[in-house]
Amino acid sequence: HGEVTLCTDIFFVDQMPFLLTVSRNIRFFAIHSLTHRAMTTHILPKLRHLRHMYRVRGFHVTAIHADPEFEPLRDDLLEDDIALNTCAAGEHVPEAERGIRTVKERNRATVAGLPYTRFPRLLKREIVKQAAMWLNMLPHQDGVLVVHSLRTIITGIPTDFNIHCRVPLGAYCEIHDEPNPTNTETERTTSAIALGPTHNLQGSYYFMSLQTGNCVSRRRWTEKPATQAVIDRVHELANTEAH
């Protein structure tokens, strides 16, 4: 399985575009959020990043299957020794289409389990991307190995419950700040919503600060029940973006 074929497509969730890729046989999923659908300036760098990631582990991406929208990348991909195969109008790449359907189903399941009815874009993007993370966390029943997870095969990083399952996505937490200097009256915690692991070896996590709405990373936090004030603040951040 040293030569890899990637199947890719663009999909939308709440009008936000995402790029999904899945490798044939290996079944490793990757989802990138997009700020624009321009092929050369936005899509190509993400495909090249995936090529480098596979290459580090000894795999060689030899082909990409996509719909006609990706046709402008043909010459650039040939420079990388990658053959682009585009389907005809009205056709689809089966692996990519099935992957998108699975991701959207998991997204709806996650949203249904959270107490929020409106979501800031940062939180919604991480919910969608989390679907790929968990698809890769365990061996695929139709994959090439039944022992190692897809994540371990492609990244070399093993799945660890104590690192990757420390807090669920969407949970309310008081994240521990470490101000410098420390001998001040500055608050030591910030209210935030858990977004997911940073995938470093220390087990840090990304959070959405409820003060600024920005993404921050922390190594320590305290999970707490989400109060109505927390829910209202999440809705307020979402409403601010809508306007």
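Student: What makes the second largest pocket a pocket, and what is its volume?

Tutor: Its volume is about 370 Å³. The search uses a 1 Å grid over the protein atoms alone: a cavity is a set of points where a 1.4 Å probe fits but cannot get out, while a pocket is an open set with protein on both sides within 12 Å along at least five of seven lines. Grid points are joined across faces, edges and corners, and the volume is the space filled by probe spheres set on the points. This is a predicted model: local features need pLDDT of at least 70, side-chain atom pairs count only at pLDDT 80 or more, and totals for chains, interfaces and linings use all residues. Residues are numbered from 1 along each chain as its sequence is written, and side-chain values use heavy atoms, with hydrogens and water left out.

Student: Which residues line the second largest pocket nearest its centre?

Tutor: Arg 27, Phe 29, Thr 102, Leu 135 and His 140, out of 15 lining residues. A lining residue has an atom within 4 Å of a point. Helix H3 (94–112) and H4 each give two or more residues to this lining. H3 gives the most, with five. Helices (H or I, at least four residues) and strands (E, at least two) are DSSP runs, numbered from the N terminus.

Student: How do the lining residues of the second largest pocket divide?

Tutor: Into six nonpolar, four polar and five charged. Ala, Val, Leu, Ile, Met, Phe, Trp, Tyr, Cys and Pro count as nonpolar; Asp, Glu, Lys and Arg as charged; the others, Gly among them, as polar.

Student: And what is the volume of the largest pocket?

Tutor: About 650 Å³. It has 26 lining residues, and Ile 31, Lys 129, Met 133, Arg 151 and His 199 are the closest to its centre. H4 gives the most to this lining, with six residues. The lining divides into 16 nonpolar, seven polar and three charged.

Student: Why is His 164 called buried?

Tutor: Compare the value with the cut-off. Buried means under 20% relative accessible area, exposed over 50%, partly exposed in between (1.4 Å probe, protein chains only). His 164 has 4%, so it is buried. This residue is in helix H6 (residues 161–164). Leaving out residues up to four places away in sequence, its contacts include Trp 134, Arg 151, His 199 and Tyr 205. Contact means heavy atoms within 4.5 Å.

Student: Why does His 32 count as buried?

Tutor: His 32 has a relative accessible area of 19%, so it is buried. His 32 is found in strand S3. Beyond four places in sequence, its contacts include Phe 18, Lys 46 and His 49.

Student: How do you know that S4 and S5 pair?

Tutor: Count the bridges. Two strands pair if DSSP finds at least two bridges between them. S4 (residues 60–66) and S5 (residues 83–86) have four, in the parallel sense. Ile 64 stands opposite Leu 84, and Ala 66 opposite Thr 86. S4 also pairs with strand S1 (residues 3–13), parallel again, over five bridges. There, His 60 is the bridge partner of Glu 3.

Student: Why is S4 called largely enclosed?

Tutor: Five of its seven residues are buried, so the rest of the structure largely encloses S4.

Student: What makes the unit of S4, helix H2 and S5 right-handed?

Tutor: Point the strands away from you. A crossover is right-handed if the path from the first strand over the helix to the second then runs clockwise. S4, H2 (residues 74–79) and S5 make a right-handed β-α-β unit.
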